[in-house]
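Biologist: I would like to learn how to read helix packing and pockets. Please show me the model.

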Amino acid sequence: MNTIVAIFTKQMNDLPKNFSVLSLFVVWPLMALLFGSIMGEPEIQAGTFAAMLIGSGPMTAIANNVAEDNEYKGLRFLVMAGVKPWQYLLGLAGSIFLISAVSLALLAFIGGFSGDLLLRFIVVAILGLITSSILGGAVGIFAKNVQQAAAIYTPLMMVLAFSPMLAGFNETIARIAEFLFPYQVLMVIFNPYADFGRALLVIAGNAIVLLIFFIIAYRKKGLRG
């Protein structure tokens with residue numbers, strides 16, 4: 001437990017130095033505030049950008065950190081110091097989860113979420129963050145370096161982040177997006193009468209598929225720096 005806390009603390013201390021990663025969690029609340037002021041419907045704007053954050057933030061941040069630690073041998077030193085790979089991943093994911101939760105709390109405040117809507121949002125947000133984190137871990141392990149990780153997660157980020165918004169303009173995209181976890185996060189907020197159980201099943205299904213991908217990546221590449 002102390003090791004996980006140490007990794008968590010290290011990642012939180014390093015986060016302000018990584019502006020490109022930190023900006024992912026700042027830009028979405030700012031965009032929601034801006035669009036809500038200009039276009040109105042702050043609840044919908046907040047929900048849209050919350051889905052975009054969940055689809056892109058944790059995945060990109062974790063993939064980038066794992067790939068960077070692998071490339072620059074940071075993981076090797078941690079392993080030599082007795083840190084287990086799962087302890088490293090939990091500490092890293094915990095730090096990203098915390099900063100994500102702060103951004104999502106701001107979005108919930110901007111959107112004025114309350115009551116049952118807030119409760120549903122918290123549930124799908126937690127599941128979505130876990131799913132996004134699993135994908136980020138898999139990408140980071142699979143990539144040889146930061147550049148390769150970016151080449152993998154950039155198109156994934158574009159699809160996951162923007163498909164919920166684009167689904168509102170194109171029926172074909174909507175049919176595809178409904179099987180992706182960020183879209184289900186948005187639907188829970190956008191349509192209070194949507195099937196909440198179906199949203200949970202879709203997000204859980206995404207998590208299971210990505211967990212299989214993570215296990216394959218871990219067995220093939222390992223995580224020892």
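Biologist: Is the crossing of α6 and α10 left-handed or right-handed?

Modeller: First, the ground rules: this is a predicted model, where local features need pLDDT of at least 70, side-chain atom pairs count only at pLDDT 80 or more, and totals for chains, interfaces and linings use all residues. Residues are numbered from 1 along each chain as its sequence is written, and side-chain values use heavy atoms, leaving out hydrogens and water. Now the rule for hand: a crossing is left-handed if the near helix is turned anticlockwise from the far one by less than a right angle, and right-handed if clockwise. Here α6 and α10 cross in a left-handed way.

Biologist: At what angle do α6 and α10 pack?

Modeller: Helices (H or I, at least four residues) are DSSP runs, numbered from the N terminus. Axes are lines fitted to C-alpha atoms over the stretch in contact, and angles run from 0 to 180 degrees between N-to-C directions. The angle between α6 and α10 is about 20 degrees, and their axes are 8 Å apart. That makes the two helices, α6 and α10, roughly parallel (under 35 degrees).

Biologist: Which residues of α6 meet α10?

Modeller: Contact means heavy atoms within 4.5 Å. On the α6 side, the residues include Val123, Leu127, Leu135 and Ile141. Their partners in α10 include Phe196, Leu200, Leu210 and Phe214. By class, the contact of α6 with α10 holds 18 nonpolar, four polar and two charged residues. Nonpolar means Ala, Val, Leu, Ile, Met, Phe, Trp, Tyr, Cys and Pro; charged means Asp, Glu, Lys and Arg; the others, Gly among them, are polar.

Biologist: How do the axes of α6 and α7 cross?

Modeller: α6 spans residues 115–142 and α7 spans residues 146–166. Their axes come within 8 Å and cross at roughly 155 degrees. That makes α6 roughly antiparallel (over 145 degrees) to α7. The crossing of α6 and α7 is right-handed. Leu135, Val139 and Phe142 of α6 touch α7 residues, among them Ile152, Tyr153 and Leu156.

Biologist: At what angle do α6 and α9 cross?

Modeller: Roughly 175 degrees, with the axes of α6 and α9 coming within 9 Å. That makes α6 roughly antiparallel to α9.

Biologist: How much space lies in the largest pocket?

Modeller: Rolling a probe the size of a water molecule over the atoms shows where empty space is left. A pocket is an open set of points on a 1 Å grid over the protein atoms alone, where a 1.4 Å probe fits, with protein on both sides within 12 Å along at least five of seven lines; lining residues have an atom within 4 Å of a point. Volume is the space filled by probe spheres set on the points. The largest pocket holds about 450 Å³. Of its 18 lining residues, Ile44, Thr48, Pro164, Met165 and Phe169 lie nearest its centre. α3 gives the most, with five residues. The lining divides into 14 nonpolar, three polar and one charged.

Biologist: Which residues lie nearest the centre of the second largest pocket?

Modeller: Leu89, Leu90, Ala93, Ser133 and Ile134, out of 13 lining residues. About 270 Å³ of space lies there. α5, α6 and α10 each supply at least two residues of that lining.

Methods
Parallel < 35°, antiparallel > 145°, perpendicular 65-115°, else oblique.
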